[in-house]
Amino acid sequence: MHALLSKVLLATTLIAVATPPANADTVTAWNANAGVAATKACIAPLDNPFHESRIYAIMHIAIHDALNAIDPRFIPYTFNKRVEPGALPDAAVAAAARDVLIPLLHELPTELVKQSCIDAGVASVEVDYAAALAAIPNTPAKTQGISVGQAAAAAILASRATDGAVVGPFLNSNCPQNTQPGQYRCTQEFSFLAFEAWGKVTPFVLHDSAQFRPGAPYALSDKSFTADFNEVKSLGGDGVATPSARTADQTEIALFWWESSPLKWSRIARTVSAGQGLNLWENARLFALLNMALTDGYVAMAASKSHYDFWRPVTAITAGTTGNADALRDPNWTPLRPTPPNQDYPSGHSIEGGVGAEVLKQFFGTDHISFQDCGVTLPVGKTCSDPTPALRSYTSFSQAAAENAYSRVLIGYHFRKATEEGTAYGRKIGERAVALYLRPKP
């Protein structure tokens, strides 16, 4: 979707800095490599977090299963085979990552991504793979490691070959223009509805796409809807065409969390992992759980958005007749950034924040780990790529998830109800992932 969205969403090209911490291992290094490849393939940091999340999940499953074929510490997801002792773990990780990333980048739908972008992503992976292998002496252990990595990649790719993530179409040009109050209609920025089909993608950890679905959004006559309407109307404007009561810090929050959740939460996980001193196998489990759950967050989101079909704030404020005398329309209201082309409820970004926070909390056994992060969608001079990036600090995963959710009100995308329900939804998905999958070997 880069060719369709990039001119609207980005004024400049953003390259995500994905450099792992100095004490990174091969698992976190390949997580960072995948983020660079996704950015060069034009699906990150904004255009297509759906396929981005699936690519990361499948890659990390292959890495996890390859390592546990060499030394079984956790229950594998797909590739359940013990290999002969002596295979080199770092070679296995690199081969598993490469053999997933290359085919999944090649199969990105050209409905959404230019071929030149795909080629750039593939080239990035091949350069990283060549460098990884060159750093490992040529021994039988290296050859064995490559073989097990390739086998683990082949197993998960075969398992996901018919999961519904490739077929599409992913853009619905029969744009809904329903004039009923409360029902979604396409916005002025986009003449299509995006990623309805993702609700039918086979989940990784959920029983189905409706599991844990929240109840309905507020009725338009509800006082709580009135409060949400007036909050986003007051805070979510662009500050140019539409006055906004948003502070400078709130504007930074809105843009800091604007980037794709798989990119953001993977970077947070790399930072926290380095501080907690995880080993190779523990990192393999953490990043597989995180990215499987994040992918399922998008599956659940797409299905739930279609189920409730609730209008976006930009529609309710500019064109909606709510029937609510305390929710007054403003035909000139403009959000801080163009509203994504799908429904309001629940907020997918908030689901992802709930997933990320809960997976990390459950994995580490505590919510209270402090960390800092940068952002790739901040103004030039403050991004991760700049010499002195703007950093935001958190004392818990829950604090980060709450700020992530609030950012969607501040950017003008969502009513608060959608963000609160989204975060709670994501927490349930994250908790299920850690409780049921990739458990320690008895």
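## Salt bridges, helix packing and cores

In this predicted model, Glu421 is partly exposed, with 23% relative accessible area. Lys417, by contrast, has a relative accessibility of 14% and counts as buried, because the limit for that class is under 20%. The two residues lie four apart in helix 14, about one turn of the helix, and their side chains form a salt bridge. The structure holds 17 salt bridges; three of them are tabulated below.

| Salt bridge | N to O distance |
|---|---|
| Glu421 and Lys417 | 2.9 Å |
| Lys264 and Asp373 | 3.1 Å |
| Asp99 and Arg98 | 3.2 Å |

Lys264 belongs to helix 9 (residues 261–276) and Asp373 to strand 3 (residues 371–373), so their pairing ties together parts 109 residues apart in sequence. Both Lys264 and Asp373 are buried. Arg98 is partly exposed, at 22% relative accessibility. A network of salt bridges links Arg54, Glu107, Arg160 and Asp163.

Helix 14 (residues 416–436) also packs against helix 12 (residues 348–364), at an angle of about 40° and with the axes 6 Å apart. The crossing is right-handed. The residues of this contact comprise eight nonpolar, eight polar and four charged.

The largest nonpolar core contains 122 residues, and those with the most contacts inside it are Trp30, Ile63, Trp198, Phe364 and Ile429. Helix 10 (residues 280–308) supplies the largest share of this core, 16 residues. Apart from it lies another core of 15 residues, including Leu220, Phe310, Trp311 and Ile317.

Methods. Residues numbered from 1 in each chain as written. Predicted model: local features only at pLDDT ≥ 70, side-chain atom pairs only at ≥ 80, totals over all residues. Heavy atoms only, no water. Core = buried A, V, L, I, M, F, W, Y, C linked by side-chain atoms within 4.5 Å. Buried < 20%, exposed > 50% of the residue type's maximum accessible area, 1.4 Å probe, protein only. Axes fitted to C-alpha atoms, helices over the stretch in contact; angles between N-to-C directions. Left-handed = near helix turned anticlockwise from the far one by under 90°. Nonpolar A, V, L, I, M, F, W, Y, C, P; charged D, E, K, R; others polar.
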